[in-house]
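Good morning, colleagues. I would ask you to look at the model on the screen while I go through its salt bridges, its sheets and one of its helices.

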Amino acid sequence: MIIGVPKEVKDHESRVGITPAGVKALTETGHKVLVETHAGELSAFTDDEYQSAGAEIVGSAHNVWGNADMVVKVKEPVEKEYGFFREGLVLFTYLHLAPVPDLTEQLLTKKVIGIAYETIRDQAGTLPLLTPMSEVAGRMSVQVGASYLEKEKGGRGVLLGGVPGVPPANVCIIGGGIVGTNAAKIAVGMGAKVTIVDLNLNRLRELDDIFNGKLFTLASNSYNVTRAVQEADLVIGGVLIPGAAAPKIVTKEMVAKMKKGAVIVDVAIDQGGCIETARPTTHSNPAYEVNGVVHYCVTNMPAAVPNTSTLALTNATFPYVLRLAQRGAKAAILENDGIRDGVNTYEGTLTCEPVAVSQKKPWKPVRELLA
């Protein structure tokens, strides 16, 4: 198989889909890898490293997309890349289709086999390719929130951990999954007063054990969320329904009652966000204010630490890349339940139910299409 690795073109996206180590493993098993010039440079991987590992360095994105059987990316394609789509192309990347109907329509019209990192499941039913970036984004959310709490950036002028004689900041984390747990680790470590809100009482019990009572757990309902958000200096949104648009847990009315200069970091913004006042932002223009509350809603937060993020992501994605290359897309989809869960579009048919529900489109399980 010919595998293409284009340079990411989303605003300030500095990660890359395959590392030189991945190229070496693919070329040693007989595959050809085309890497666009400077694709890995911002993640600290040079063209020389790729070339030494066996890749062919290609000067333009057009030649990478046009000659590859499978394109491996990090972020969902943006509009300028839609023209590269073609029938039979295998696209393996984060897609986050639920809030992006235009991209969904393009993948369907061009009959692309779109396999999304964020909906692949492992044997335990977890999301192994979403986990590493959720870990990075969860940990970053507290760093970013602490920074935006500084007066210079529009915040309340609160130090997250406080000092002797002055109480620490209140951090409210919505969702006790991977993002929430990692955010809590950093927030607790920085000395903040941390509250995690979740619907799942068993998960709250687990978190209480994990953190040995160093944080507060709160059952999710509108009354509890309203009170927790009002008291918070920093609110972190980390709610996920795999493949679907994120539910709006924090309403605009709740935001209106927050402290002036409080900060919201909505990590769920890739799937539409779990804060009603959240809208996607970029690293070029990351924050805005609503009712005096600073909102940070960058859709590709881990791109700020691309070396760590690329290594963490490719550790998880590469076994799937290799399997797709070795077996071919159709065989790999038929043989592997996890890869099958990752298929969002297949040659003109939408195959992911949560995306279909979010966009009110018809869908069909990919197993039926390949039967």
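Glu 206 and Arg 203 both belong to helix H7, residues 201-210, where three residues, about one turn of the helix, separate them. Helices here are DSSP runs of H or I with at least four residues, strands are DSSP runs of E with at least two, and both are numbered from the N terminus. The two side chains form a salt bridge, with N and O 2.8 Å apart. By salt bridge I mean a side-chain nitrogen of Lys or Arg within 4 Å of a carboxyl oxygen of Asp or Glu. Glu 206 is partly exposed, at 41% relative accessibility. The accessibility classes are buried, under 20% relative accessible area, exposed, over 50%, and partly exposed in between, computed with a 1.4 Å probe on protein chains only.

Two remarks on the source are needed. This is a predicted model, in which local features need pLDDT of at least 70 and side-chain atom pairs count only at pLDDT 80 or more, whereas totals for chains, interfaces and linings use all residues. Residues are numbered from 1 along each chain as its sequence is written, and side-chain values use heavy atoms, leaving out hydrogens and water.

How many salt bridges does the structure hold? There are 16. In helix H12, residues 337-342, Arg 340 and Asp 337 are likewise three residues apart, about one turn of the helix. Their side chains meet in a salt bridge at 2.1 Å, N to O, and Arg 340 is buried, at 11% relative accessibility.

A further salt bridge pairs Glu 76 with Lys 10, the closest N and O atoms lying 2.6 Å apart. This pair links distant parts of the chain, 66 residues apart: Glu 76 sits in the loop between strand E4 (70-72) and strand E5 (90-93), and Lys 10 in the loop between strand E1 (2-5) and helix H1 (20-28).

I turn to the sheets. Eight strands form an open sheet with mixed pairing, in the order E3-E2-E1-E4-E5-E6-E14-E15. Its edge strands are E3 (56-58) and E15 (349-350), each pairing on one side only. Strands count as paired if DSSP finds at least two bridges between them. E1 and E4 run parallel and are joined by two bridges; Ile 3 stands opposite Met 70 in E4.

Elsewhere, strand E8 (residues 193-198) runs parallel to strand E9 (residues 216-219), with four bridges between them. The chain passes from E8 through H7 to E9 in a right-handed β-α-β crossover; with the strands pointing away from the viewer, the path from the first strand over the helix to the second runs clockwise.

Finally, helix H10, residues 306-327, has 22 residues and spans 30 Å from its first C-alpha to its last, close to the 32 Å expected at 1.5 Å a residue. That expectation is 1.5 Å times one less than the number of residues. Where does H10 kink? The kink, of about 40°, lies at Thr 317, shortly before the proline Pro 319. The bend is the angle between axes fitted to the seven residues ending at a residue and the seven starting there. The buried residues of H10 include Thr 317, Phe 318 and Tyr 320. Just after H10, Gly 328 adopts a positive phi of about 85°.
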